[in-house]
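Here are my notes on the model you sent. Please read them with the structure open.

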Amino acid sequence: MKREDVPPPYTAVTRHEVFPTPTHDEAARFNFLTAFNKYLSGVVGPGNKLAYEKRVLPAFRAEHQRDPKDRFEIRHAMNKDPWHRFWSACKRNSMEMRQQNGRSMVLRQLEALDAKAREFNADRPTLELNPSVATPRYQNAVDIHCMPGSYHGEERPGDVSAGANYDCGIFATTAGGLGALSDGGGQALVEWIKRERPGWTPKRILDVGCTIGHNIVPLALAFPETEIIAIDTAAPVLRYGHARAQALGAKNLKFIQMNAEDLSRFPDGHFDWVQTTMFLHELSGKALPQIIREGVRVLAPGGLMLHLEQPQYSDEMPLYEQFIRDWDAFNNNEPFWSAMHAMDLKKVIEAAGLPRSSQFVTGVRAVVDPTVFPVAASGEKEDHGRAAVWNAYGAWKPQS
Amino acid sequence: MSDIDYILRAGARAKGKRPDFLGDPSSERMLSILLAVVGEVSVLKERLDTVERLLDSKGTISRADIEKYQPDRDAAYQRGLMTKEYIARVMRGVQQEMEAMQTDEKPVADISVDLRDN
């Protein structure tokens, strides 16, 4: 048995100063879920494809005298298959258990967590909350990834419960694939930019839809001279994210509660790096292009736009893969996931003002300490939807 | 201690209609209960392992020792392996059903007839 086949323990998670303190058994619950998720994707996940090839597809062909024409037809056919249904039921339960376990741990110590966050947050110019920011419809139509209260829910006014719950469970959901601070994505961005533009120090970075800031803190630490602004519409994750960033020493990072569809508070060309990480799939068909347009407007000539996401669906991607990548959309409350991944992002970015010639797509894999954390699996055994392997859709804004 | 009923609130339901996986609400509930118990047995096993390791190393234990126990790399691997084995045992039926999809097998009764006659 290879070491990397056994997930790291929950005790390997870095407990920064606002991280909830797990009891022995709470950590053990996350250990179970980590191993269970790894089992569902790695050991029995390939059974879905088997069911499809051995019986679902032949039955579909017999009935329709043709192959499925899109991922939706595959989904409807697979949703009748007893094996896929049972697998999905197990996976859904695992997601629900993760929420209950995380919330239980957070809520029983909420008083202490809120107090700790207040220590880092009170009167700091680096946290700007604005209660007049409404929760967008695409954030509260359902509770995203079955997270009760979504990002904006509060158990009591002014709390950090949503942020703390989000932070404490990422490890189990991704089977440790994002590293000790669940920041493997942000670490990957740092590694990528240092390779791509050695010696470049951006003046200002805007991180849109930052949640708890786990993917922007590594950039803030890597570029201590850079002025960084991270925005989100949800106050509870910003309170937690700001306290977390301060606890980790990222002092050049300001969190602002605002809706990215309107960035009018920033002048044209204000930032030389505008990014989102795993955010575009939580928007809507109208909000996404608007946010990209605003992002392009506030981006300086020569600046970098970068969006980290799971790979987009394309004609080259087999329909079965599109279907399995869509699992979270319909079974884990990610209602825009499917539509977003079918969008032609290059076209959207082009329409927002960045020509194709300025665009690029590159693969990014989470950067973690490989002595403790697993390197993310890809391919058939990949945990589709939450594997720490992404595509970066980017562009360097032309000088004129 | 927070004034929130954290036990009740921990189990809050997420907004959004839950998919029907198994075609029968009772089966859905039974699976939810079963998987929660499966998880809790895993927690008990890990706790017992902690107790044994503390007894091995110190000859005595306290609740405080259990709470602050952090496995080193080797212990973490052994415990992870234990959980992995445990899940493989619990999920045997699912895994074997997956294996069964890979083959086209005749009912054993047919083979029985075949062996009788040939």
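1. In what order do the elements of chain B run from the N terminus on? The order is α-α-α-α-α-α. The count for chain B is 6 helices and 0 strands. Chain B is also more spread out than a compact globule, because its radius of gyration is 23 Å, well over the 13 Å that the globule rule gives for 118 residues. Its C-alpha trace spans about 70 × 45 × 20 Å along the principal axes.

2. A word on confidence. This is a predicted model. It scores ipTM 0.96 and pTM 0.95. Chain B averages a pLDDT of 96, and 98% of its residues score at least 70. Where pLDDT is low, the predicted coordinates should not be read in detail.

3. Chain A has both kinds of element: 15 helices and 8 strands. Its radius of gyration is 21 Å, which agrees with the value near 21 Å for a compact globule of 400 residues. Along the principal axes, the C-alpha trace of chain A spans about 65 × 55 × 40 Å.

4. Follow H1(A), residues 24–43, across to chain B. Two packed helices are described by the angle between their axes and the distance between the axes. With H4(B), residues 73–90, the angle is about 55° and the axes are 10 Å apart. H1(A) and H4(B) are therefore oblique to each other. Their crossing is right-handed. From H1(A), the residues that meet H4(B) are A:Asn31, A:Phe32, A:Ala35, A:Phe36 and A:Tyr39. From H4(B) come B:Gly80, B:Thr83, B:Lys84 and B:Ile87. This contact holds 5 nonpolar, 3 polar and 1 charged residues.

5. H1(A) also packs on H2(B), residues 25–58. Here the angle is about 125°, with the axes 9 Å apart. H1(A) passes H2(B) in a right-handed crossing. On H1(A), the contact is made by A:His24, A:Asp25, A:Ala28, A:Arg29, A:Asn31 and A:Phe32. On H2(B), the residues are B:Gly39, B:Ser42, B:Val43, B:Glu46, B:Arg47 and B:Thr50. The classes here are 3 nonpolar, 5 polar and 4 charged. Note A:Asn31 and A:Phe32: they are listed in the contact with H4(B) and in the contact with H2(B).

6. Within chain A, H1(A) has a partner in H7(A), residues 161–173. These two helices pack at about 45°, with their axes 8 Å apart. That angle makes H1(A) oblique to H7(A). Which residues make the contact of H1(A) and H7(A)? H1(A) gives A:Phe30, A:Leu33, A:Thr34 and A:Asn37, while H7(A) gives A:Phe171, A:Ala172 and A:Thr173.

Terms used: Residues are numbered from 1 along each chain as its sequence is written. Chains are lettered from A and ligands numbered from 1 in the order in which they are written. This is a predicted model: local features need pLDDT of at least 70, side-chain atom pairs count only at pLDDT 80 or more; totals for chains, interfaces and linings use all residues. Axes are lines fitted to C-alpha atoms, for helices over the stretch in contact, and angles run from 0 to 180 degrees between N-to-C directions. Helices (H or I, at least four residues) and strands (E, at least two) are DSSP runs, numbered from the N terminus. Angles under 35 degrees count as roughly parallel, over 145 as roughly antiparallel, 65 to 115 as roughly perpendicular and the rest as oblique. A crossing is left-handed if the near helix is turned anticlockwise from the far one by less than a right angle, and right-handed if clockwise. Two residues are in contact if their C-beta atoms, placed from the backbone, lie within 7 Å. Ala, Val, Leu, Ile, Met, Phe, Trp, Tyr, Cys and Pro count as nonpolar, Asp, Glu, Lys and Arg as charged, and the others, Gly among them, as polar. pLDDT is the predictor's confidence in each residue, from 0 to 100. The radius of gyration is taken over C-alpha atoms; the globule rule is 2.2 Å times the number of residues to the power 0.38.
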